[in-house]
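Take a walk through this protein from the inside out.

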Amino acid sequence: PLSVDTKCRRDDPRERYGKDDLALELWSVLEQNKPGWTWDKTKRTDYILWLFKSSGRWCLVPFPMLCAVATRLIHQWADTYGTSIQDSDGWRSACVFVPRETVWNALYEQYGGVL
């Protein structure tokens with residue numbers, strides 16, 4: 001079986017904000033310093049699919065590769081791009097909106113490829 005975790009965003013950030021970013025979870029439960037899905041090595045999935053409903057655009061990334069890159073860079077990205085806090089029924093999570101190009105460049109740098 002193949003596991004695909006879909007991250008849907010109502011608005012395409014490229015249309016709404018003029019930025020092409022991917023929301024990467026830094027902390028799943030902020031108060032407990034529980035790693036977000038982006039760099040949680042216990043997460044079992046094969047791919048992450050971002051879907052932007054307003055435009056129909058999408059981005060598919062192999063999760064093991066993203067997890068390895070994010071483990072190395074997520075805190076640097078948080079320092080560079082800042083974090084956004086979400087309140088969810090009794091706990092808070094934090095994510096980083098990282099430019100899509102930055103994520104792809106990091107994947108290519110670590111795993112090879114041609115841009």
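A nonpolar core is a set of buried Ala, Val, Leu, Ile, Met, Phe, Trp, Tyr and Cys residues joined through side-chain atoms within 4.5 Å. Keep in mind that this is a predicted model. Its largest nonpolar core has 27 residues. Those with the most contacts inside this core are L24, W50, L66, W77 and V103. In soluble globular proteins, nonpolar side chains tend to be buried together.

Which elements supply the core? At least two residues each come from β2 (21-29), β4 (47-52), β5 (58-62), α2 (63-81), β7 (91-99) and α3 (100-111). Helix α2 gives the most, with nine residues.

Now find W77. Set aside its neighbours within four places in sequence. W77 is then in contact with L24, V69, A70, G82, V96, V98, T102, V103 and A106.

Next, go to the loop between β3 (34-35) and β4, where T45 is found. Is T45 buried or exposed? Its relative accessible area is 8%. Buried means under 20%, so T45 counts as buried. What does T45 touch? Not counting residues up to four places away in sequence, T45 touches S3, V4, D5, F63 and P64. With S3 there is also a polar contact, side chain to side chain, at 2.6 Å.

Finally, look at Y47 in strand β4. Y47 has a relative accessible area of 31%. That value lies between 20% and 50%, so Y47 is partly exposed. Y47 also belongs to a nonpolar surface patch of about 500 Å². L2, V4, W58 and L60 make up this patch together with Y47.

Methods
Residues numbered from 1 in each chain as written. Predicted model: local features only at pLDDT ≥ 70, side-chain atom pairs only at ≥ 80, totals over all residues. Heavy atoms only, no water. Buried < 20%, exposed > 50% of the residue type's maximum accessible area, 1.4 Å probe, protein only. Helix = DSSP H or I, 4+ residues; strand = E, 2+ residues; numbered from the N terminus. Contact = heavy atoms within 4.5 Å. Polar contact = N/O pair within 3.5 Å; in protein donor to acceptor, adjacent residues only side chain to side chain. Patch = residues over 30% accessible without salt bridge, like charges linked within 9 Å, V, L, I, M, F, W, Y side chains within 5 Å. Areas by Shrake-Rupley, 256 points an atom, 1.4 Å probe, with all protein chains shown as cover. Salt bridge = Lys/Arg side-chain N within 4 Å of Asp/Glu carboxyl O.
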